[in-house]
Amino acid sequence: MKLLEGAVDHGGSLGRARVLFPNAVLPFVDLSTGINPLSYPLFDLPATSLWRLPEAGRARELTEIAARAYGAPSPANVVAAPGTQILLPRVASRIRPGKALVLGPTYAEHARAAAIAGHEVSEVSDFAALARADLAIIVNPNNPDGRVIERDRLLALAAGLRAKGGLLVVDEAFMDVGPRQQSLAGDVDQGGIVVLRSFGKFFGLAGLRLGFALSDAATVESLESQFGPWAVAGPALEYGIRALADLGWQETMRASLADAAARLDSLFDRFGVPVAGGTTLFRYLSLPDAAGLFSALGERGVLLRHFSGRPHVLRAGLPGSQEEWLRLESALADWAMLREDRSRGSKP
């Protein structure tokens, strides 16, 4: 479908959405990302977080809290950065250029970052094939289908890569809502492992640009030296410190997201849209008329995430308000009616 071919390969671009759907009802209901629409509560920032350069002591406090929140062995195993995106090519550069294999289909930026670092990059669908890599990259839980690779299998892969000087990178951007017992955060001091954690998705504050790399102390020190002082902005430090320490909010939010995901599954099921996987922050849809559903909802101001190379699948994030739920329901009802009319018209 021409509409899909001209679209960007990332979700969340409202500017592009206006080009694709110029007559859509505004504002858009943006379900094209996996970002929590129910963000961590905003609070008044100390003025010094804007007036002054970030204090080193405050940055250390952030890594201490992050180590506890994510289960890293110690703060020495954590480096904070202005988003995980900026970490990708730096992490890929930790080993000399060689063969990088990405377990896919998945988030496209890992392959791009590995290529920037000089690696020969391929995407593979077989986990066992990663043993042939110098640099193996896995998103766990996976984006967009929610696939989870068990910790024992990851550790065995890491041991094999480590023995030949290779590196395993596990992007755990959605592990906040995944099976946390499968996280490799507590194993990073074994060496040859880098775990990436994203702050903005679960806490719904993607604009802060805050992320973490968890690894052995030497790797963390090397990454920190590349950033230099003041890598994380003062407001991001303040939100990271408070939100990562707020375990009560986190547990309550996990339960709320699970309820919302179940509600979304029920809504899609009512209109004959199969849910094939996902996490509680996004649902993975598989249907022959995915392009038609994407267009029909987009024309009604509801954005899903499409994939130009996979025309039969979509990803849907969570509505953030009752109004958004109702608009999604209405758009699905219109699409289902059009589909039924076409079906009747095709019968002799």
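**Close-up views of a predicted model**

**View 1. The open sheet.** Seven strands make up an open sheet of mixed pairing, ordered E2-E8-E7-E6-E5-E3-E4. Strands (E, at least two residues) and helices (H or I, at least four) are DSSP runs numbered from the N terminus, and two strands pair if DSSP finds at least two bridges between them. Strand E2 (78-81) and strand E4 (120-124) are the edge strands, each pairing on one side only. From one strand to the next, the twist averages 20 degrees. The structure is a predicted model, in which local features need pLDDT of at least 70, side-chain atom pairs count only at pLDDT 80 or more, and totals for chains, interfaces and linings use all residues. Residues are numbered from 1 along each chain as its sequence is written, and side-chain values use heavy atoms, with hydrogens and water left out.

**View 2. Strands E3 and E5 with helix H6.** Three bridges join strand E3 (residues 99-103) to strand E5 (residues 135-139) in the parallel sense. Ala-100 stands opposite Leu-135 in E5. Helix H6 (residues 109-116) packs on the sheet and touches E3, E4, E5, strand E6 (167-171) and strand E7 (193-198); contact means heavy atoms within 4.5 Å. The direction of H6 makes about 160 degrees with that of E5, where angles run from 0 to 180 degrees between N-to-C directions and axes are lines fitted to C-alpha atoms, for helices over the stretch in contact.

**View 3. The second largest pocket.** This pocket has a volume of about 400 Å³. On a 1 Å grid over the protein atoms alone, a pocket is an open set of points with protein on both sides within 12 Å along at least five of seven lines, a cavity is a set where a 1.4 Å probe fits but cannot get out, and lining residues have an atom within 4 Å of a point. A volume is the space filled by probe spheres set on the points, which are joined across faces, edges and corners. Among the 23 lining residues, Ala-56, Ala-59, Arg-60, Glu-224 and Gly-228 are the closest to the pocket centre. Helix H4 (56-70), E2 and H9 each supply at least two lining residues. Helix H9 (residues 217-227) lies across E2, E7 and strand E8 (211-214), at about 25 degrees to E2.

**View 4. The second largest cavity.** The volume of this cavity is about 40 Å³. Its lining consists of Leu-88, Val-91, Ala-92, His-110, Ala-113, Ile-137, Val-169 and Leu-196. Helix H5 (88-92) and H6 each give two or more of these residues, and H5 contributes the largest share, three residues.
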